[in-house]
Amino acid sequence: MTTSATRTRVEEGKELGGVEHVVLVDERGCPSATIPKPDAHSSTTPLHLAFSCHVVRADGQVLLTQRAHHKPTWPGVWTNACCGHPQLGESFREAVTRRLGEELGARPVRLALAVGDFAYRAVMAGGTVEHELCPVVVVEIDDEPLRPDAAEVADHRWVPWEELVRRAAAEPASLSPWSVAQVAELAALSPSPWSWPEGPAATMLDLPVGLGRPLAAGPLRARTNGNALDPVAAPVRAVLSRFLADKVAALVAVDVGLGEVADEVRLLVEAGGKLLRPAFVHWGHRAAGGDADEAVMGPAAALELLHTFALLHDDVMDRSERRRGRPAAHVALAARHRDGNRLGDADWFGASG
């Protein structure tokens, strides 16, 4: 499932006593050194080179895989089709082809670069960090049945692209943090997976990776926008999702009408904010000498919910019509009142709610 040249380089290296390595990159995205893969991931993982592969069928379905439950990073998490680390002397095209064969027993028939300079940093609950310059590649595979390697893949399924976009936005904790960020970026490029444009760095697909050799014609700067939010985004949303689901259910058990009010709070939270305040909680904890700790996500989520209260209050006072791309809560409650042909003043009902 790999080219003979790639197979020779990777397998001969291991036969000579070598181990799979990762390629470190500098702030410009230029390969600078290598370290053994087993030593790469820790609480201080350096920025290194990887790739993420999204497998697409002609009907627009995309492949999700569940990472094997014994993997040291993000075990059992659902994510994009496969990921991997290019080896020195190997091109991205060869690395993607190799990993597709090793993990899924699949062969690409079409391969394109969607996002050449994607980079991310994510922290597991135990403190292990992923920190990668990770070009995003989209692949179409042949019609042969998949043969997943159980050591890498616990399960797999095909889903419509639109369904994956909705899931990544509404349930980010159900997917790997890198795939959530990638899906959002890909969806912004185009609504159709196969119309994702190839950027100016597309030539990097066939350029062998070498130390000190730029990956593209010009410097490929490793983007860091939003990295400070990565440790909190998925965990805080997961805490809020569970908390609000429990509260909505408890209120509905008292009176169905209470569920409408609580549901508007839930919808406002799920519409998504920048989560700056939870990030301040996390990084303030770390700055004071604390370790990466899942317990911090409770107070961080509480602060985000307090901010949500402030938004609800401000929207009523300012008579704002919209918030986070949807009707403000008091406007939505008023609309529910009107749609139900209920007695009384709909607008006052919305503000009172």
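User: What makes Leu251, Val254 and Leu258 a nonpolar surface patch?

Analyst: Those three make a patch of about 250 Å². Patch members need over 30% relative accessible area and no salt bridge, with nonpolar side chains joined within 5 Å. This is a predicted model, where local features need pLDDT of at least 70, side-chain atom pairs count only at pLDDT 80 or more, and totals for chains, interfaces and linings use all residues. Residues are numbered from 1 along each chain as its sequence is written, and side-chain values use heavy atoms, leaving out hydrogens and water.

User: How do you know that the buried residues of H3 line one face of the helix?

Analyst: In H3 (residues 161-170), Trp161, Leu164, Arg167 and Ala168 are buried. Seen down the axis, they fall within an arc of 120°, so they line one face. The arc is taken from the directions from the helix axis to the C-beta atoms. On the other side, Arg166 and Ala169 are exposed.

User: What do the buried residues of H3 pack against?

Analyst: They pack against strands S5 (61-67), S6 (78-80) and S12 (153-160), plus helix H4 (177-189). Contact here means heavy atoms within 4.5 Å.

User: Which residues does Leu100 touch?

Analyst: Skipping residues up to four places away in sequence, Leu100 touches Cys53, Val55, Cys82, Gly105, Ala106, Pro108 and Val139.

Conventions. Patch = residues over 30% accessible without salt bridge, like charges linked within 9 Å, V, L, I, M, F, W, Y side chains within 5 Å. Areas by Shrake-Rupley, 256 points an atom, 1.4 Å probe, with all protein chains shown as cover. Salt bridge = Lys/Arg side-chain N within 4 Å of Asp/Glu carboxyl O. Buried < 20%, exposed > 50% of the residue type's maximum accessible area, 1.4 Å probe, protein only. Helix = DSSP H or I, 4+ residues; strand = E, 2+ residues; numbered from the N terminus.
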